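This report looks at a ligand and at the pockets of the protein around it. The sequence and structure come first.

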Amino acid sequence: MAQPERSLLPKHVAIIMDGNGRWAQSHGLTRTAGHRKGMEVVREIVRAAYEAGIGYLTLFAFSSENWRRPESEVSDLLGLLKLFIRRDLADLHRDNVRIRVIGERRNLRGDILPLLIEAEETTRDNTGLTLVIAFNYGSRDELARAMSSLARDVAEGRLRPEDITPSLIDARLDTAGIPDPDLILRTSGEERLSNFLLWQAAYSELIFVPENWPDFNRDMFYGALEKFAARERRFGGLSAQQAAVGS
Ligand code: FPP
């Protein structure tokens with residue numbers, strides 16, 4: 001499938017990469033094999049996004065709730081993320097991709113945090129696609145941390161409660177400086193947000209596709225971008241046609 005028309009592209013696409021486990025099960029494979037195949041799809045979609053000219057791509061790699069999975073699966077998922085950064089960082093950097101990581105960083109053990117920081121530092125000045133990796137991320141946790149930081153400023157006299165605005169809240173979120181997602185895509189047929197970018201999703205278009213993440217590919221991604229391009233976004237206002245009829 002050809003790349004979609006640039007002027008109608010979403011600036012920011014966020015993806016819930018769901019269905020690795022079900023894909024593995026349906027192929028008689030281990031869940032880890034599903035995640036491994038999922039990582040290959042991550043590579044393909046990052047490239048597709050970058051070639052299409054998308055500004056921001058956010059991937060939900062590991063949620064704050066994923067720690068509840070068996071220890072071996074958690075360790076496999078962390079291992080894959082580390083492998084992705086170790087193997088792909090140089091290529092991403094060469095391709096002018098900037099990496100940002102969102103999610104809670106306190107209490108992360110081992111070498112994962114230094115690696116994430118290295119990825120951010122190395123690519124800090126890149127101006128192509130911004131790849132946002134949501135790791136140890138949960139939207140409610142992100143909002144609670146933002147509220148704590150605002151409450152601290154109020155308690156210490158730096159901020160008046162009446163001066164708290166949506167844009168001040170935006171600036172305290174992990175996504176500060178990143179535009180809200182225009183499109184949130186979820187694979188595997190599940191139709192929910194699962195604690196992903198709840199504040200930022202206020203006006204996002206949602207697209208759910210039936211394929212499990214390991215079966216997702218560039219053509220399906222471009223298909224979703226075309227579907228997005230055909231949607232009319234009103235942000236609480238009126239469409240041009242409605243406005244004309246009403247005047
Ligand atoms: C959901 O499938 C997927 C995840 C919890 C992890 C996604 C991780 C990857 C695609 C690999 C590495 C990521 C990066 C960014 C390099 P699931 O296990 O919940 O599937 P199920 O619902 O079918 O069990």
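Which residues come nearest to the ligand? Of the 16 residues around the ligand, these are Met-17, Gly-21, Arg-22, Arg-31 and Arg-69; a residue counts as near if one of its heavy atoms lies within 4 Å of the molecule.

The model is predicted: local features need pLDDT of at least 70, side-chain atom pairs count only at pLDDT 80 or more, and totals for chains, interfaces and linings use all residues. Residues are numbered from 1 along each chain as its sequence is written, and side-chain values use heavy atoms, with hydrogens and water left out.

**The ligand**

| Residue | Atom in the residue | Distance to a ligand oxygen atom |
|---|---|---|
| Gly-19 | polar backbone atom | 3.4 Å |
| Asn-20 | polar backbone atom | 3.2 Å |
| Arg-69 | N or O atom in the side chain | 2.8 Å |

Taken alone, the ligand exposes 620 Å², and the protein buries 91% of that (areas from the Shrake-Rupley method with a 1.4 Å probe). Helices α1 (20–26), α2 (31–52) and α3 (71–94) each give two or more residues to the shell around the ligand; helices are DSSP runs of H or I with at least four residues, and strands are E runs with at least two. The largest share, four residues, comes from α2. By class, the shell has six nonpolar, six polar and four charged residues, where Asp, Glu, Lys and Arg count as charged and Gly is among the polar ones.

**The pockets**

The ligand sits in the largest pocket, meaning that more than half of its atoms lie within 2 Å of the grid points of that pocket. A pocket is an open set of points on a 1 Å grid over the protein atoms alone, where a 1.4 Å probe fits, with protein on both sides within 12 Å along at least five of seven lines; lining residues have an atom within 4 Å of a point.

The largest pocket has a volume of about 750 Å³. Among its 31 lining residues, Met-17, Asn-20, Phe-60, Ala-61 and Asn-66 are closest to its centre. The lining has 16 nonpolar, eight polar and seven charged residues.

The second largest pocket holds about 170 Å³ of space. Its lining includes Arg-43, Tyr-50, Phe-84 and Asp-88, and α2 and α3 each give two or more residues to it. By class, this lining divides into five nonpolar, no polar and five charged residues.

Conventions. Polar contact = N/O pair within 3.5 Å; in protein donor to acceptor, adjacent residues only side chain to side chain. Points joined across faces, edges and corners; volume = space filled by probe spheres on them.
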